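Thanks for coming. I will go through one model, starting with a charged pair and ending with the backbone.

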Amino acid sequence: MLRELSRRVHAGVISSTELIYESIRRIEASNGAINAVVATDFTRALEAARKVDDAVARNEDVGVLAGIPILVKDVEDVAGLPTTHGSLTRANAKPAESSGLVPGRLMDAGAIVVGKTNAPEYSFEVYTSNRLFGSTVNPWAPDWSPGGSSGGSAAAIAAGFAPIATATDGGGSIRIPGAFCGLAGLKPTGGIVPRSPIPAWIDLSTDGPMATSIDDLELLFNLISGVADGDPNAVPRNSLRRAAFSRPVQVLAAPRTYDWGPLPTEIQQFFDRALLSLHHDLALEVTPISAGEIFRCGNPDLDWFVLCCTEQAHLLGHQFIEDNAERFDEIFLGHMRFGMSRTLENYLDARRLRFAYTAEFDALLGSEKILATPTMAVQGFLPDGRPDAQSAPGIGPEALNTVVQNITGNPAITLPAGVLSNGVPFGLQLTGPRYSELLLLELGRLWEASNPWPLTAPDYRSFTTEGLNL
């Protein structure tokens, strides 16, 4: 999709101005119902588009993204726009003076920012709701959440607002909304996409792409990866394993990454169907394993929670947290107080266990094995973070299969694998050895060929040449 749009802009078949106007029309027409976009920059976007069109007329290179509209998650800086992190504590944030590394790399490739997307307060939840902007709903099923924390970006792509929206992942924040919104999403190996500025969750978080197709996913991944100054863990792209996909690749299939009990019946049914497709359509050897066979040294989900709560609380500062207690979301405040209550021993115990979890994952996967799980172990939750109408907001670790990859640094991809009875898409997650992104992308291509998925939610138009009626 992106390559074809770029080709047409370069050829003068369609102008960047037309693409930006189309994105604006779609946002203005439908965002009120979805609440995915929380800030816009239409005037500057149109000015930038006209410059792209002038450059095309002069036969100048306008970049591989060639004036294509992009939305940026509201935890990343874009020059001229405030970054609120979905928090009342930053409601009056001044416009950023410069753009963050990943938005900057995409803009350098020709993309034009039209606005910013909603996120939970300081990206701390798996649903997208905050006191500053409210809740984002899922375009596939408006009674349900698009997930989080990159839920605004996922909802915007699924509704066809723009073909690109940025995402970050510290515990599943690409893969969770990718799964719930019928998108492909890749959490790269830690360090492949440099961290700048330093993430709140220092070693856990990374940027990564979400997209409607594997080709777009790979293009975006190539654009945002590569070393940069300031990240001591950054590694060059040539660290990726270059071995081409070759059968047999063994798939280890587990219902969960930690044993929180049986999956809900419908999730298990969809997972079983996905495993059959991996075996019959992709000719892969699938070996069932139990969740208890993956990690024996501890509970990575709980240790992840210790790390991210402690590091976020330290970044904000204890005094700031208490001074702003009434302005924080109640659940977020609870997380911060949990983080402040951890001792140095608690925190360092969790950090040291990262090495044990990584060693166990390395032993399990070797160099070419893949772990298949459902991306999410639940059918969804309500936009305000309630599991159901009778419950209070708050999603427990038993809902996720997306945390341990951030602890160990392993790459993981979510792939659309059907639509559940409630209208929310189901995602299949494949986790590979570190630096196996090329293998995951190739498996994604094969999956896409045998299990094609819709490019947008029902009743929305894709941002393709067909969706644009070109």
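Glu60 and Arg58 form a salt bridge, with their closest N and O atoms 2.8 Å apart. By salt bridge I mean a side-chain nitrogen of Lys or Arg within 4 Å of a carboxyl oxygen of Asp or Glu. Glu60 is partly exposed, at a relative accessible area of 38%. On that scale, buried is under 20% relative accessible area, exposed is over 50%, and partly exposed is in between, with a 1.4 Å probe and protein chains only.

Before going further, the conditions. This is a predicted model, where local features need pLDDT of at least 70 and side-chain atom pairs count only at pLDDT 80 or more, while totals for chains, interfaces and linings use all residues. Residues are numbered from 1 along each chain as its sequence is written, and side-chain values use heavy atoms, with hydrogens and water left out.

Back to the salt bridges. By the rule I gave, the count comes to 19. Another of them joins Asp231 to Arg195, with the closest N and O atoms 2.9 Å apart. This pair links distant parts of the chain: Asp231 is in the loop between α7 and β11 (250-253), Arg195 is in the loop between β8 and β9 (206-208), and they are 36 residues apart. Helices here are DSSP runs of H or I with at least four residues, strands are runs of E with at least two, and both are numbered from the N terminus. Are the two partners buried or exposed? Asp231 is buried, with a relative accessible area of 10%, and Arg195 is buried too, at 9%.

The next pair is Arg445 and Glu218, whose side chains meet in a salt bridge at 2.1 Å, N to O. Arg445 lies in helix α14 and Glu218 in helix α7, so this pair ties together parts that are 227 residues apart in sequence. Arg445 is partly exposed, with a relative accessible area of 29%, whereas Glu218 counts as buried at 19%. Both belong to a network of salt bridges that links Arg3, Asp215, Glu218 and Arg445.

That brings us to α14 itself. Helix α14 covers residues 437-450, and at 1.5 Å a residue its 14 residues should span 20 Å; the end C-alpha atoms are 20 Å apart, which agrees. The expected span is 1.5 Å times one less than the number of residues. Which residues of α14 are buried? They are Glu437, Leu439, Leu440, Leu441, Leu443, Gly444 and Trp447. As for spacing, an α-helix has 3.6 residues a turn, so residues three or four places apart point the same way. What covers the buried residues of α14 includes α7 (214-224), α8 (265-280) and the strands β8 (184-187), β13 (370-374), β14 (412-419) and β15 (425-431). Contact here means heavy atoms within 4.5 Å.

The buried residues of α12 include Tyr347, Arg354, Tyr357, Glu360 and Phe361. They pack against β11, α9 (300-316), β13, α13 (404-408) and β15. Just after α12, Gly366 takes a positive phi of about 60°.

Now a helix pair. The axes of α2 (residues 16-34) and α3 (residues 42-57) come within 7 Å and cross at roughly 160°. That makes α2 roughly antiparallel to α3, since angles over 145 degrees count as such. Axes are lines fitted to C-alpha atoms, for helices over the stretch in contact, and angles run from 0 to 180 degrees between N-to-C directions. On the α2 side the contact includes Ile20, Ile24 and Ile27, and on the α3 side it includes Phe42, Leu46 and Val52. The residues of this contact divide into nine nonpolar, two polar and three charged.

Finally, the backbone. His85 has a positive phi, near 55°, in the loop between β2 (69-73) and α4 (101-108). Asp459 has a positive phi near 75°. Asp459 is found in the segment after α14 and is exposed, with a relative accessible area of 82%.

Technical notes. Angles under 35 degrees count as roughly parallel, over 145 as roughly antiparallel, 65 to 115 as roughly perpendicular and the rest as oblique. Ala, Val, Leu, Ile, Met, Phe, Trp, Tyr, Cys and Pro count as nonpolar, Asp, Glu, Lys and Arg as charged, and the others, Gly among them, as polar.
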